[in-house]
Amino acid sequence: MLAANPLSTANLLLAAMPRQAYQRMLTGHEPVELDYGQVLYEPKGPIRYVYFPIDCLVSLLTAVDERRTLEVGMVGNEGMVGMPMALGIGVSAVRALVQGSGTAMRMKAARFRAEFKKNTSLQRALFRYNHLLMAQISQTAACNRFHEAEARLARWLLMTSDRLHANEFLLTQEFLAHTLGVRREGVTKAASALQRKKLIDYSRGNIKILNRKRLEAAACTCYRIIKNLQDSAQA
Ligand SMILES: [Zn+2]
């Protein structure tokens, strides 16, 4: 389904690299299928591989306590999972959890370290991406504090849809509760409100965006701010 969309057939960071550097990078990579719910890193855990998503989506979650987590960022084919490696750190601060199944290119941490040292186009791409990811995380922090669950859910659905290049995806209430940092009842309430307005359809863990334009209007301003930053960096 996703392969039909040309935007979802490559990782944009890798694809934007000069041909020679890109070819060299590819030899160190292997494609890997990531499954919904798979954990790539735990907080304070080692980073054994970096991942360049192609048509999957990875959520970055910070642990509040033993039971509760909150999403602070998401990475699709615009980015890389394992950014601490580009800063010389081999340990993750967050949990990296696959929230949309699909393919990624992965590279062993040691290989990445060696490649990053000598590949200036990879350095430039990742410094730029690091700035974008930091901006996304900062905006998400403000969003989590100031915006209502319904507007945050709308923002989150749009960001997910953009990165998966799909209007329909799997999503459990439990996962959403962890993502948005609200109780399951809060998730049900927010999703029901969007459903009543006919912006989405939500049944049996499957979400479908019915009216994207109106969903954008229902989302908080954070969606536009993050998207504009992203678009201007890729222009
Ligand atoms: Zn917001």
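Domain bounds here come from an automatic or database domain assignment, and I keep that in mind for this predicted model.

**Entry 1, the two domains.** I looked up the division of the chain and found domain 1 at 2–119 and domain 2 at 145–234. Their C-alpha centres lie 22 Å apart. I then listed the contact between them, to which domain 1 gives 18 residues and domain 2 gives 14 residues. On the side of domain 1 that touches domain 2, the elements that give two or more residues are strand S4 (57–63), S5 and strand S6 (95–100), and S5 gives the most, with 4 residues. Sorting that side of domain 1 by class, I noted 8 nonpolar, 8 polar and 2 charged residues.

I checked the length of helix H4 (residues 120–146) against expectation: at 1.5 Å a residue its 27 residues should span 39 Å, and the end C-alpha atoms are 39 Å apart, which agrees. Next I asked which residues of H4 are buried. They are Leu122, Ala125, Leu126, Tyr129, Leu133, Gln136, Thr140 and Cys143. An α-helix has 3.6 residues a turn, so residues three or four places apart point the same way. I also looked up what covers the buried residues of H4, and the cover includes helix H1 (12–15), helix H2 (19–27), strand S5 (69–75), helix H3 (109–118), helix H5 (149–164) and helix H9 (222–234).

**Entry 3, the sheet.** I traced an open sheet of 3 strands in the order S1-S7-S3, with antiparallel pairing. Its edge strands are strand S1 (30–34) and strand S3 (49–53), each of which pairs on one side only. From one strand to the next, the twist averages 40 degrees. I found that H3 packs on the sheet, where it touches S3 and S7, and that its direction makes about 75 degrees with that of S7. Going back to the pairing, I saw that S1 and strand S7 (residues 102–108) run antiparallel and are joined by 5 bridges; for glutamate 33, the bridge partner in S7 is threonine 103.

I located valine 182 in the loop between helix H6 (173–180) and helix H7 (184–196). Is valine 182 buried or exposed? I count valine 182 as buried, because 20 other C-beta atoms lie within 10 Å and the cut-off for buried is 20 or more. Leaving out residues up to four places away in sequence, I found that valine 182 touches Ala149, Ala177 and Val187.

How values were computed
Residues numbered from 1 in each chain as written. Predicted model: local features only at pLDDT ≥ 70, side-chain atom pairs only at ≥ 80, totals over all residues. Expected span 1.5 Å × (residues − 1). Buried ≥ 20, exposed ≤ 12 C-beta atoms within 10 Å, placed from the backbone. Contact = placed C-beta atoms within 7 Å. Pairing = 2+ DSSP bridges. Axes fitted to C-alpha atoms, helices over the stretch in contact; angles between N-to-C directions. Nonpolar A, V, L, I, M, F, W, Y, C, P; charged D, E, K, R; others polar.
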